[in-house]
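Here are my notes on the model you sent.

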Amino acid sequence: MELKVRQRYALSTYFFLSGFCFSTWAARIPTIKTFFDLNEAQLGNVLLTLPICSMIGLPFSGWLVARYNSRVPLLVSFLLFAISLIFIGYAQSTVALISAIGSFAFCMRILNISMNTQAITLQKQYDKKINGAFHGIWSTGGIAGVGFSTLTLKLDIPMTQHLLMVAILTIVVSLLTFKFLLTNDKAPSGNKLILGKPDPFVFYLGLLVFFAAICEGGM
């Protein structure tokens, strides 16, 4: 099989797993609400952790994919992403739950930036547009995750076991697929972590992502 085709299949696997994990978490929000006996306001405050930690992860994700080959932060963030899913399932206090959700959102931001960096770089090897296909695969993973979550609910499988199964699947498949990802795409310059006043365009774009995440959490 041609190298770029293997790389596309490998990256597609990561997109699929990302959507699968996210929909798994989203499908269990009602379970979490019931377990912790949260009202709507309290649940909203807990979910606010998602956009906040996601926004915090933006500058770090950009720095990581510029400082290293994008597949390195992609794998590490994916593994921590899966582990965070386990912690969400086993959280016994609101503080532990918020910490796990924060880690989940932070890692999700890094892996999203890493995946899209890989996709943009891989796109240069193709004449036709393939970026849209990757995001379609993410949505397909989301649908599959909802289907699997529905099955676990019907079979009355506890949330801890459900999230643990998904996390183990994610860890194993991501480790097996890692070697086929795009390599040597480290940026030659601009790889320093600079925390300061952002460019206005970047600031407004980040603000837009922040509010979009709030809407997503609200829905």
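Which residues of H7 are buried? The points below start there. Keep in mind that this is a predicted model.

1. **Buried side of H7.** The buried residues of H7 are Phe134, Gly141, Gly142, Gly145, Ser149 and Thr152. Their cover includes helix H1 (3–27), H6 and helix H8 (159–177). An α-helix has 3.6 residues a turn, so residues three or four places apart point the same way.

2. **Length and end of H7.** H7 has 24 residues, and at 1.5 Å a residue they should span 34 Å. The end C-alpha atoms of H7 lie 35 Å apart, which agrees. After H7 comes Asp156, with a positive phi near 60°.

3. **H6 against H7.** Helix H6 covers residues 94–123 and helix H7 residues 131–154. Their axes come within 9 Å and cross at roughly 145°. From H6, the contact uses Asn116, Ala119, Ile120, Leu122 and Gln123. From H7, it uses Asn131, Phe134 and His135. By class, there are 4 nonpolar and 4 polar residues, and no charged ones. Phe134 is also on the list of buried H7 residues.

4. **H5 against H6: geometry.** Helix H5 runs over residues 71–90. The axes of H5 and H6 come within 8 Å and cross at roughly 155°. Angles over 145 degrees count as roughly antiparallel. H5 and H6 are therefore roughly antiparallel to each other. The crossing of H5 past H6 is left-handed.

5. **H5 against H6: residues.** On the H5 side, the contact takes in Arg71, Pro73, Leu74, Ser77, Phe78, Leu80, Phe81, Ser84, Leu85, Phe87 and Ile88. On the H6 side are Leu97, Ala100, Ile101, Ser103, Phe104, Cys107, Met108, Ile110, Leu111, Ser114, Met115 and Gln118. The classes are 17 nonpolar, 5 polar and 1 charged.

6. **Ala10 in H1.** Is Ala10 buried or exposed? Ala10 is found in helix H1. Its relative accessibility is 4%, and buried means under 20%. Ala10 therefore counts as buried.

7. **What Ala10 meets.** Setting aside neighbours within four places in sequence, Ala10 is in contact with Thr177, Phe180 and Leu181. The C-alpha atoms of Ala10 and Leu176 are separated by 9.4 Å. Along the chain, these two residues are 166 residues apart.

Terms used
Residues numbered from 1 in each chain as written. Predicted model: local features only at pLDDT ≥ 70, side-chain atom pairs only at ≥ 80, totals over all residues. Heavy atoms only, no water. Axes fitted to C-alpha atoms, helices over the stretch in contact; angles between N-to-C directions. Helix = DSSP H or I, 4+ residues; strand = E, 2+ residues; numbered from the N terminus. Contact = heavy atoms within 4.5 Å. Nonpolar A, V, L, I, M, F, W, Y, C, P; charged D, E, K, R; others polar. Expected span 1.5 Å × (residues − 1). Buried < 20%, exposed > 50% of the residue type's maximum accessible area, 1.4 Å probe, protein only. Parallel < 35°, antiparallel > 145°, perpendicular 65-115°, else oblique. Left-handed = near helix turned anticlockwise from the far one by under 90°.
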